Amino acid sequence: MADDDFFLDLLRRRMRVMNSLWERAVSDMTLEQVNHHERDGVLPIAFSLMHYMRSQDQSVSVIFLGQPPLWATGGWAEKIGVSADFLGREERVEVMQKLRFKDFDAYRAYQSEVIAQTDRVLDGLTVERLQEVFLPQVPENFRQTFMSMVVGEGPVHRAEVLECFVYQHGLRHMGEIEHARALVGLGGMTS
């Protein structure tokens, strides 16, 4: 197997396994569990679900497909009935801890659409596309992100968008969800 094929296969498998954890995470949760608020200063599972999946949606839709996010084009905020329609990256915990869903089945449908879109992008991905510079330097409002820690001042390649905004970001929030699942009486998805 050529180096490029090996790398692309590795990336696709990791991303798909990570997304399978997201699918498993929501498969046995109830609306009450997703909206559970442990105490002030602690975000509900609904926040981690919405925040991360919207981030994946935005990264893939905008950066790889050059189109608006599914969240916006599909009217998902209204369908899900979110109580706070913010991405949650720059909002305070005091605001985002109030996030709740009204329709968890609608959220699951949104998540499925995002993952299916990501799969289609992964299928057509090339090393050349990943090497393309997306931003010549890291914008000021991204200076405190994991991606900024990885790339420094920049440039930011599409590969780093997938690695940092989608893959690493998804794993980090999955850890939160696995812990939160325990707090509402559910188990984790990995050992």
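Author: The crossing of α1 and α3 is left-handed in this predicted model. Helix α1 spans residues 3–27 and helix α3 residues 45–64; their axes lie 12 Å apart and form an angle of about 145°. On the α1 side, the residues in contact are Met18, Asn19, Trp22 and Val26. From α3, Ser48, Leu49, Tyr52, Met53 and Gln56 meet them. Sorted by class, this contact holds six nonpolar and three polar residues, and no charged ones.

Helix α3 also takes part in the largest pocket, being one of the elements that give two or more residues to its lining. The others are β1 (133–135), α9 (146–151) and α10 (158–183). The space in this pocket is about 840 Å³. Its lining counts 38 residues, and those nearest the centre are His51, Ser55, His169, Arg172 and His173. Helix α10 supplies the largest share of the lining, with eleven residues. By class, the lining comprises 20 nonpolar, 14 polar and four charged residues.

As for confidence, the chain has an average pLDDT of 90, and 94% of its residues reach at least 70. The highest mean, 98, belongs to helix α7 (residues 104–124), and the lowest, 70, to helix α6 (residues 93–96). Where pLDDT is low, predicted coordinates should not be read in detail.

Methods:
Residues are numbered from 1 along each chain as its sequence is written. This is a predicted model: local features need pLDDT of at least 70, side-chain atom pairs count only at pLDDT 80 or more; totals for chains, interfaces and linings use all residues. Side-chain values use heavy atoms; hydrogens and water are left out. Axes are lines fitted to C-alpha atoms, for helices over the stretch in contact, and angles run from 0 to 180 degrees between N-to-C directions. Helices (H or I, at least four residues) and strands (E, at least two) are DSSP runs, numbered from the N terminus. A crossing is left-handed if the near helix is turned anticlockwise from the far one by less than a right angle, and right-handed if clockwise. Contact means heavy atoms within 4.5 Å. Ala, Val, Leu, Ile, Met, Phe, Trp, Tyr, Cys and Pro count as nonpolar, Asp, Glu, Lys and Arg as charged, and the others, Gly among them, as polar. pLDDT is the predictor's confidence in each residue, from 0 to 100. On a 1 Å grid over the protein atoms alone, a cavity is a set of points where a 1.4 Å probe fits but cannot get out, and a pocket is an open set with protein on both sides within 12 Å along at least five of seven lines; lining residues have an atom within 4 Å of a point. Grid points are joined across faces, edges and corners, and a volume is the space filled by probe spheres set on the points.
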